[in-house]
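Please look over the sequence and the model shown here before reading on. The report then goes through a few parts of the chain in turn.

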Amino acid sequence: MATVQVSEAEKVYILHGVRDDLRVDGRGCEDYRHMEIETDVVSNTDGSAKVSLGHTDVLVGVKAEIGKPRPMVPHEGYLEFFVDCSANATPEFEGRGGDELGVELSNTLYKVFNNRSSIDLKSLCISPGEHCWVLYVDVLLLQCDGNLFDAISVAIKAALFNTKIPKVHLSENEEGGKEIELSDDPYDCMRLNVENVPCIVTLCKVGYRHVVDATLQEKACSVASLIISVTHKGTITCVRKVGGGSLDPESIFEMTEVRQDPPPPYSSSCHLPFRPSQHISTGFPVRRSNCNRFV
């Protein structure tokens, strides 16, 4: 994970500010930074989105390919995740520096998104036991300034909503086998229902309080964090602790109770890519733009 060096005086300043519900950048403990979402930003994908959260930039592309269902679930398709930590995001990712973080992020995303409660995986099945759609979700970290899990989850949800899967027509050949024909009409496609796709909220324990959307400096003052995936209805679907420190049960209960009511940016971002533009309830402007270009 990208880190920064913070002096003891800076730590004391940050801790005292969090204690008084006044962070260094003027936010309260449960306030998010400016968030901007763009969809349809990569032309050679079936769906894509870019999210900027403060100075954290994430690009997500989705490619739909025909594969074979897994033996345990022959009536379902599935998702595969790959996270690339660009060296441009931070010098720490140069060489193989970002591999460990990429694997950690990929494993967490798989647990959060690749399940029946998040996406209707049966809708990805073409022919039970033979063919299904496999969605390859590629995540590229362009710039890192903390709170990666949250930014990535919003970008994935926006990219999945933007994904267009071609309609499939099955026919039998002369030998009795099945032939797959994909529609060439760009408007003859299937769209995913992302209503129940959760967003991730990361809560960092700083001193005796917890903060959301922590910067790298605040992360350096945190002993441990709690990652919670929550739907637009406030249902918690996954909880995971990260960091070397410990969290007492009372703190965990307090964090989960607060996050059952999704934070203002996320309660809106569950539907943000669906509207041309809107301002979220915290006053942070969120913009959507359609453009076919490489980033």
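## A glycine in a loop

Is Gly244 buried or exposed? Gly244 is exposed, with a relative accessible area of 85%; exposed means over 50%, buried under 20% and partly exposed in between, with a 1.4 Å probe and protein chains only. Gly244 sits in the loop that lies between strand S14 (236-242) and helix H5 (249-259). Its C-alpha atom is separated by 6.6 Å from that of Val223, 21 residues apart along the chain.

This is a predicted model, in which local features need pLDDT of at least 70, side-chain atom pairs count only at pLDDT 80 or more, and totals for chains, interfaces and linings use all residues. Residues are numbered from 1 along each chain as its sequence is written, and side-chain values use heavy atoms, with hydrogens and water left out. Helices (H or I, at least four residues) and strands (E, at least two) are DSSP runs, numbered from the N terminus.

Strand S1 (residues 35-39) is mostly covered, with 5 of its 5 residues buried. Met35, Ile37 and Thr39 point one way from S1, while Glu36 and Glu38 point the other way.

S1 runs antiparallel to strand S2 (residues 47-53), and 5 bridges join them. Two strands pair if DSSP finds at least two bridges between them. Ile37 stands opposite Val51 in S2.

## An open sheet

Four strands form an open sheet: 4 strands in the order S12-S11-S13-S14, with antiparallel pairing. Strand S12 (209-212) and S14 are the edge strands, and each pairs on one side only. Strand S11 (residues 199-206) is joined to S12 over 4 bridges, and Val206 stands opposite Arg209 in S12.

H2 packs on the sheet and touches S11, strand S13 (224-230) and S14. Contact means heavy atoms within 4.5 Å. H3 lies across S11, S13 and S14, and runs at about 175° to S11. Axes are lines fitted to C-alpha atoms, for helices over the stretch in contact, and angles run from 0 to 180 degrees between N-to-C directions.

## Two helices that cross

The axes of helix H2 (residues 99-113) and helix H3 (residues 148-162) come within 11 Å and cross at roughly 50°. H2 is therefore oblique to H3; angles under 35 degrees count as roughly parallel, over 145 as roughly antiparallel, 65 to 115 as roughly perpendicular and the rest as oblique.

Residues of H2 that meet H3 include Leu101, Leu105 and Phe113. On the H3 side, Phe149 and Ile152 are among them.
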